[in-house]
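The sequence and the structure come first, and the description follows.

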Amino acid sequence: MDKISDLPKIILHDILSRLPYKDAARTSVLSKAWHETWSSFPILVFHGFDQGVFLRFEDTNDPLKIQDHRRKVSNFLNSVDRTLVRFHHHGFAIKEFSLSMTFFHPQFMPHRVDRWMKIVGESSSIQVLKLKLKVVDYCRGFEFDSDTVDNYYCLPPDVVKAKSLTELELSGKIRVDKLFVNHRIRFPMLRILSLIDVYLGHDQAMEDLISGCPMIEDLKLEHCVGLENVKVHDLPKLKSAKFYGFREIHVDVPSLEYLHLGNDELEFPCDINIDKCRNLKVLLLEAVSSVFVSNQWLLELFDKFPSLERLELCGCITSESLMISSSRLKVLSFWACLELKEAKIDAPNLESCRYFGTHSHMPAAISFVNCSNKVEFDAVFAIEFRLDLEWLRAFFQHIEPRNVTLSLRIMKDSSGHTAGLFNLGNTCYMNSTLQCLHSVPELKSALIQYSHSGRNNDVDQSSHLLTVATRDLFNELDKSVKPVAPMQFWMLLRKKYPQFGQLHNGVFMQQDAEECWTQLLYTLSQSLRSNGSR
């Protein structure tokens with residue numbers, strides 16, 4: 001006998017909230033009671049791509065496929081409409097609202113999203129608001145420059161009414177600058193704030209926003225248009241922060257424990273001042289060209305941050321030889337640090353060390369001094385077409401103590417042509433897409449003709465840079481017999497499409513190859529067409 005269905009609805013909602021969203025949705029078919037429970041479930045998630053609302057690039061000239069795509073878009077929009085109207089009509093609580101659309105139309109859709117934001121903003125129980133919009137229309141005659149601010153969705157003032165918010169995530173082409181006009185933004189309960197690729201307007205807007213959110217514990221800012229300098233202070237609860245793509249980063253927050261800094265535009269330096277973050281435990285530096293990692297820099301680093309337990313250097317400029325000495329360090333990672341030839345590690349509490357090399361550079365000699373024999377050493381590197389046993393023996397001889405647990409991954413070419421691409425951490429979706437495109441002679445020919453500096457005004461800068469990176473990566477694959485690390489391409493892909501840079505527990509998440517294929521092909525088609533390449 002089913003006794004669970006007789007439980008109060010508030011308990012049933014709690015049960016559903018502990019399940020993955022798709023599993024929770026499946027419970028609606030179990031019985032009439034569960035269907036009624038699901039119909040008032042206060043967590044609303046609408047992700048267009050997950051529901052098959054996308055158009056493949058190869059289908060953009062197929063009238064039937066275009067018509068089917070428009071039908072799916074219409075059904076998706078109507079589904080959101082009906083659900084929110086029903087919740088509003090019956091007075092159902094909305095605790096979480098998550099909307100993701102990669103097909104936002106800047107002319108025909110803003111009024112609908114405004115209506116949804118009004119209903120959500122007026123809900124006194126709303127705690128989590130996630131909004132991800134991307135201006136994309138693959139149908140000819142409806143093409144928009146996604147980097148033009150006029151095509152961004154302007155977040156309405158109704159969002160400011162949601163004083164109960166604990167988590168706010170905005171990603172994609174969204175404008176928030178107009179919220180600051182005659183509005184004093186205050187989210188007294190907000191703990192998580194994530195702004196990715198949104199338009200803020202100016203540096204002061206960010207400071208004004210943060211000043212109204214004193215309870216923030218987790219802050220993420222990436223490629224915010226109009227924001228060049230980040231200054232964070234007066235956030236006593238802040239524990240975790242990520243800042244990506246800024247010229248100046250000043251953080252004065254003693255409570256901060258986790259900090260991820262990145263900059264994928266290596267041509268300009270990034271001025272960093274984080275000296276006041278004395279309780280920092282985790283520091284991730286990704287392609288920060290203004291930081292030169294030397295022995296002196298490491299000595300000052302561990303002196304400034306005595307509690308540092310995890311240090312990850314990705315694409316950083318280093319000395320050829322490094323001595324890493326710390327009694328607190330537990331996790332150490334080197335990713336594509338091309339100048340590094342030797343690293344000696346003196347860390348008695350080290351638990352994990354990870355090293356990732358590239359095809360054109362011999363891996364650094366890593367040796368452990370005064371380290372625990374429980375250290376797990378994960379090394380990934382490329383070899384020549386023929387396995388060099390002498391080199392491999394020399395590599396092993398540098399690893400001390402002898403009983404260090406070693407995980408060794410060797411990328412080897414067996415074809416005599418291209419050895420493929422390194423997995424940079426859950427990037428097999430991207431690698432498979434690139435390998436497929438690399439096999440198309442017509443595309444490679446068009447890319448060869450693409451000009452590095454002659455960007456057409458019809459193409460935004462991020463699309464241009466991604467096209468150049470694709471061209472250069474294909475050239476590298478053609479010339480190399482060793483695996484290629486697509487680091488520059490990956491950084492530019494994440495800048496153009498931030499969804500591919502999502503993290504979970506500090507690790508980049510696996511993504512959908514179909515979405516990567518569609519987005520990359522569309523970008524290349526726009527760049528090559530404007531450049532006159534066919």
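Helix 4 (residues 63–90) and helix 5 (residues 110–122) pack with their axes 10 Å apart and at an angle of about 30°, which makes helix 4 roughly parallel to helix 5, a term for angles under 35 degrees. Axes here are lines fitted to C-alpha atoms, for helices over the stretch in contact, and angles run from 0 to 180 degrees between N-to-C directions. The model is predicted: local features need pLDDT of at least 70 and side-chain atom pairs count only at pLDDT 80 or more, while totals for chains, interfaces and linings use all residues. Residues are numbered from 1 along each chain as its sequence is written, and side-chain values use heavy atoms, with hydrogens and water left out.

| Helix 4 | L77, N78, V80, D81, L84, V85, H88 |
| Helix 5 | R112, R115, W116, I119, V120, E122 |

By class, this contact of helix 4 with helix 5 has seven nonpolar, two polar and four charged residues.

In helix 10 (residues 441–448), the buried residues are L443, A446 and L447, where buried means under 20% relative accessible area and exposed over 50%, with a 1.4 Å probe and protein chains only.

Across the protein chain, buried residues make up 52% of the 534 residues.

How values were computed:
Helices (H or I, at least four residues) and strands (E, at least two) are DSSP runs, numbered from the N terminus. Angles under 35 degrees count as roughly parallel, over 145 as roughly antiparallel, 65 to 115 as roughly perpendicular and the rest as oblique. Contact means heavy atoms within 4.5 Å. Ala, Val, Leu, Ile, Met, Phe, Trp, Tyr, Cys and Pro count as nonpolar, Asp, Glu, Lys and Arg as charged, and the others, Gly among them, as polar.
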